[in-house]
Amino acid sequence: MPRQLLQLTEADAESEDLAQELVPSSRVPGRELQSVPPPAFVGTDTPSQSTKTEPPPAPEATCPWATPEHPRHGEQPGLMAFPPKLVAEQLTSIDADLFKKVQPQQCLGSIWSKRNEPGYEHRTCTVSATVTQFNNVANCVITTCLGNAHMTARDRAVVLEHWIKVAKACRALRNYSSLHAILSALQSVSVHRLKNTWAKVSRKKIRTFEKLCSQDNAQSRNLLLKDRPAKLGALGISVQRAWKRRQQQQGVVPFLGTFLTDLFMLDTAMEEYLEGNEVNHRKKNKEYRVLTEILLLQVAADRYHIEPEEPFRAWFQAGTWLSEDESYTLSCQLEPRACPQTGGAARSHPQA
């Protein structure tokens, strides 16, 4: 035993000496990780450290349509690396999670109309998150459709067709929030004015796009007509029935802007109190019905079972999308044809 202990002691001493020799090189952990570029937004490429004769420009090296389905090592994925069905499913999953967190009372016109006032940020945070997601989807569509100066009209047409496929998939998934965002973006001035680009889109995709636009009329409200309670006191029964039908029916994500508009109009058109400081019960009943529809749709939104795809979510969340003026300026550069001098007159996509 003493001999074995002596051997173990000598082995420990040798290991400590070896550790001390390795300390200088191990004190800088992650040096390899520091050379890995951060996630890039579509249309950008991180410059390589290798010396090549013709290095691509940093902001315009990789077009979103040209990114292969399986990017090379070190190359960031672009929009075309994700199939339309996958994009629609992931947008639906994100939209559903945000919509389920919405607190219906924050949609009231008396509260939402004061969202920009000091002290009201926390009172409208759940609604603001849904509105921000809608705007991000619309801006993503516009930015990827415009691409950069290296893209031809045919290249941009491929991206347009890709988004039309995504919109059709969103319609099948009954995600009317992203569906409305995509259609609004494709009808924005910055994209709609690209006549040469739209001329390259197949007739079949044009017909699909026109059909989706014709059906995009307050669909989320009509979906709930069959589930709307006949009496105000039937809300609990309706929720229970909705939960029982959860496995048999498909999920729904509405366009929240429709409800925000209705509640804002109610708050503007009807007084809170009547003569004699009496509560306006007629207004409260109307608001209650709208909030009931939101609650029932939140039950329906819980029916989705979509696994998150981190590559797409990382790409979408890392995106730096163009503003309204930036997209209109780029659109005029791509197809300079009878453009006004300022981009302020450009019609932006509808926002919630």
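Modeller: Before we begin, helices (H or I, at least four residues) and strands (E, at least two) are DSSP runs that are numbered from the N terminus. The model is predicted, so local features need pLDDT of at least 70 and side-chain atom pairs count only at pLDDT 80 or more, while totals for chains, interfaces and linings use all residues. Residues are numbered from 1 along each chain as its sequence is written, and side-chain values use heavy atoms, with hydrogens and water left out.

Colleague: In which helix is the place of Ser327, and is Ser327 buried or exposed?

Modeller: Ser327 has its place in helix α16. Buried means under 20% relative accessible area, exposed means over 50%, and partly exposed lies in between (1.4 Å probe, protein chains only). Ser327 has a relative accessible area of 4%, and it is therefore buried.

Colleague: Which residues touch the most other members of the largest nonpolar core?

Modeller: A nonpolar core is a set of buried Ala, Val, Leu, Ile, Met, Phe, Trp, Tyr and Cys residues joined through side-chain atoms within 4.5 Å. Leu186 is in contact with residues including Val141, Ile164, Trp198 and Phe209, leaving aside its neighbours within four places in sequence. In the largest core, which has 66 residues, the members that touch the most others are Trp163, Ile182 and Leu186.

Colleague: With which residue does Arg156 form a salt bridge?

Modeller: A salt bridge is a side-chain nitrogen of Lys or Arg within 4 Å of a carboxyl oxygen of Asp or Glu, and the structure holds six of them. Arg156 is buried, with a relative accessible area of 4%. The closest N and O atoms of the pair are 3.9 Å apart, and the partner of Arg156 is Glu335.

Colleague: How many residues apart are Lys100 and Asp302?

Modeller: The side chains of Lys100 and Asp302 meet in a salt bridge at 3.0 Å, N to O. The pair links distant parts of the chain, with Lys100 in helix α3 (residues 84-100) and Asp302 in the loop between α14 (281-301) and α15 (310-318), and the separation is 202 residues.

Colleague: Which residues do salt bridges with shared partners join into one network?

Modeller: Glu272 forms a salt bridge with Lys283, the closest N and O atoms being 2.8 Å apart. Glu272 lies in the loop between α13 (256-269) and α14, whereas Lys283 lies in helix α14, so the pair ties together parts that are eleven residues apart in sequence. Glu272 counts as partly exposed at 26% relative accessibility, whereas Lys283 is buried, with a relative accessible area of 1%. The network is made up of Asp267, Glu272, Lys283 and Lys284.

Definitions and conventions:
Contact = heavy atoms within 4.5 Å.
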